[in-house]
Amino acid sequence: MKSDSNKLLEVTKLEVVYNHVSTAIQGVSFNICEGQIFAIIGGNGAGKTTTLRAISGFLNSDNAVITDGEIKIRDRSINMLKPQDITRQTGIVLVPERNKVFETLTVQENLAVPTSIGKRAKETIQNIYTYFPSLYERRKSLAGLLSGGERQMLAIGQAMLCSPELLLIDELSLGLSPVMVEALFEILLKIKADFGLSILLVEQNAMEALSIAEYAAVMENGMIVLAGTPEKLMAHEDVKEFYLGIRGKEKKRYKDVKQYSRTRRWWG
Amino acid sequence: MLLASIVVLAGIYALLGSGFVIIYKASRILNFAHAEIVMLAGYLAVSLAVAIPFSAASLLAVLCFCFVLGMSIYAILIRPLAGYSVLSAIILTVAVGVLLNAVGVFVWRGEMEVIPFGWRTYFSLPGNIRLSSIEFATLGIVTLFYACMGLFYRFTKIGQQMRATAENPLLAAQRGISIYRISGIAWGIGFAAAGLAAFLLGINYAISLQIGNIAVAAFVVALIGGLDSLLGTIPAAFIIAATEQLTITYANPRLGDAIPFIIMLMVLMFKPWGLLGTKEELDRV
Ligand SMILES: Nc1ncnc2c1ncn2[C@@H]1O[C@H](COP(=O)(O)OP(=O)(O)OP(=O)(O)O)[C@@H](O)[C@H]1O
Ligand SMILES: [Mg+2]
């Protein structure tokens, strides 16, 4: 891991509570360095989406509040900022899990919405199309008619037009074929290199995520239970077993897995 | 004659409904002050028409006034309620309506007035249709309005951002759109549409305190067409205007006022989201 001097995002002891009663995440802390790809993996309901929404200011619409902890970007606390200010002032841009594009607008309009008018804006949109040629072919069709993969491309393209420094991507692989996931990750790496971005990826698809991340954390029940380099995580017995599907000698059937008492070795 | 009167009435109904729809689309708020805005704008147009002999100039002044009024009401009263129940904002619009009604009574004493429209000739169209210059101007203005709105939504940056905000305000905010500014502009345009409708009512019929009864058609047209569909106001307005005029002419004139509501009940029974509305809008209403 790089030194602390180029720390971009710093999340400390974050706690988020839905509807005043249900705690979705608790004591979540991690740092993201500039130019890094950071992945959070974890099962359904682990609190990954909640973490991303807290960072991007998306929470309050869902009756959720940050009850503890702090989110800092470049040493500036952003807990209290509104979503529109977060995008404009901090360069944190979210590609959400659902409803990630404007379905009643065309592809072209979706890309035009975040930009200002003028020749420069046209050029930046054109530049985005070079990463996603298939979007260019469909630029006149409504985003609501796009396939899942194209929609994901459009969402990433739209996010790129908000001049992000830190791109938050919630479940890039959701509902996509393995080939498409691979292609998207490849494009993402290219974009990252060209724009000098940092990326926070949230993924169920642990294998893919760990293969492109430089640092990763495992989340369960609203807590980060394990963190480290992908190599370290991939070597971890429980990560292998629960997230990568690589099991030991005795092959378990699904029924057994469900009943298997999940002694978390890292909890001691 | 009947056809001409149906078309003219439909045009005005459509315009009345459109102001309601534009505001609902952008902010999900049912503006129950709409009928009173129409009345107030109508009276203002009457006074201005006396002061300024030029119809176009007085119309422009009314539109500007309505636009600013809409933006102000949104900025001062509605916007601070963002994040709270939409219901409180809706009830607030009812209060605004009552207030504006009082202003109308106080300033104009609720007299019946006609907006003078200098130019009066008749045009004969093929098929034995005669249109007065007023009717002709009315249809021209309505058509122009819809064309402008279509171009606005489709091609201008603010129009695109308005559609984006209407569909997904959260994502819109995240993409750097000033959603409150956009909603404010939508309120301005919605009020201006009300002002335009008032002007047309004033030159075709008359402005009075009872104009509210006609302006209620705005709600009906919006509901039948689909609360979030500007295009839906056109067929809705035609259906209502035609049935109303036909009932008045061939059946009982006293039934006329009830017709819009009867049609509304029938349409909503089969298509609760309106003719061209979005289906999922339903759970939000
Ligand atoms: N709008 C909401 N209201 C109440 N509780 C919620 C809401 N959204 C999420 N939760 C709860 O918060 C917890 C974390 O959910 P979250 O969506 O962050 O999980 P996730 O890791 O993203 O899961 P998935 O992989 O299925 O997307 C869950 O227990 C969930 O039930
Ligand atoms: Mg999620």
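I began with strand 4 (residues 64–73) of chain A, which is joined to strand 5 of chain A by two bridges, the two strands running antiparallel. I note at the outset that this is a predicted model. Looking for a residue pair across these strands, I found A:Lys72 opposite A:Ser77 in strand 5 of chain A. Helix 1 (residues 48–55) of chain A packs on the sheet, where it touches strand 1 (7–18), strand 2 and strand 4 of chain A, and its direction makes about 115° with that of strand 1 of chain A.

I then traced the sheet as a whole: in chain A, four strands in the order 2-1-4-5 form an open sheet with antiparallel pairing. Its edges are strand 2 (22–33) and strand 5 (76–77) of chain A, each of which pairs on one side only.

Next I looked up a parallel pair in chain A, and found strand 6 paired with strand 7 (residues 166–170) in the parallel sense over four bridges. A:Val93 has A:Leu167, in strand 7 of chain A, as its bridge partner. From strand 6 (residues 92–95) of chain A, A:Ile92 and A:Leu94 point one way while A:Val93 and A:Val95 point the other way, and all are buried.

For chain A overall, I recorded 11 helices and 10 strands, and 42% of its 268 residues count as buried. Taking contacts in chain A between residues at least 6 apart in sequence, I noted that 69% join residues at least 24 apart.

I turned to where the chains meet, and the contact takes 21 residues from chain A and 16 residues from chain B. On the side of chain A that touches chain B, the elements giving two or more residues are helix 2 (83–90) and helix 3 (107–112) of chain A, and helix 2 of chain A supplies the largest share, four residues.

B:Tyr122 has B:Ser132, in strand 2 of chain B, as its bridge partner. Three residues lie between the strands of this hairpin, and B:Gly127 takes a positive phi near 85° there.

I then asked which residues of helix 11 of chain B are buried. They are B:Ile259, B:Pro260, B:Met264 and B:Val267, and seen down the axis of helix 11 of chain B they fall within an arc of 130°, so they line one face of the helix. The face turned away from the buried side of helix 11 of chain B carries the exposed residues B:Leu265, B:Met266 and B:Met269. The cover over the buried residues of helix 11 of chain B includes helix 9 (211–225) and helix 10 (233–250) of chain B. I also checked the length: at 1.5 Å a residue, the 12 residues of helix 11 (residues 259–270) of chain B should span 16 Å, and its end C-alpha atoms are 17 Å apart, which agrees.

My last entry concerns B:Met71, which is found in helix 3 (residues 55–78) of chain B. B:Met71 is buried because 20 other C-beta atoms lie within 10 Å. Leaving aside neighbours within four places in sequence, B:Met71 is in contact with B:Gly184, B:Trp187 and B:Gly188. I also noted that B:Met71 and B:Ile185, 114 residues apart in sequence, are 6.2 Å apart in space, C-alpha to C-alpha.

Methods. Residues numbered from 1 in each chain as written. Chains lettered and ligands numbered in written order. Predicted model: local features only at pLDDT ≥ 70, side-chain atom pairs only at ≥ 80, totals over all residues. Contact = placed C-beta atoms within 7 Å. Buried ≥ 20, exposed ≤ 12 C-beta atoms within 10 Å, placed from the backbone. Expected span 1.5 Å × (residues − 1). Arc of directions from axis to C-beta. Pairing = 2+ DSSP bridges. Axes fitted to C-alpha atoms, helices over the stretch in contact; angles between N-to-C directions.
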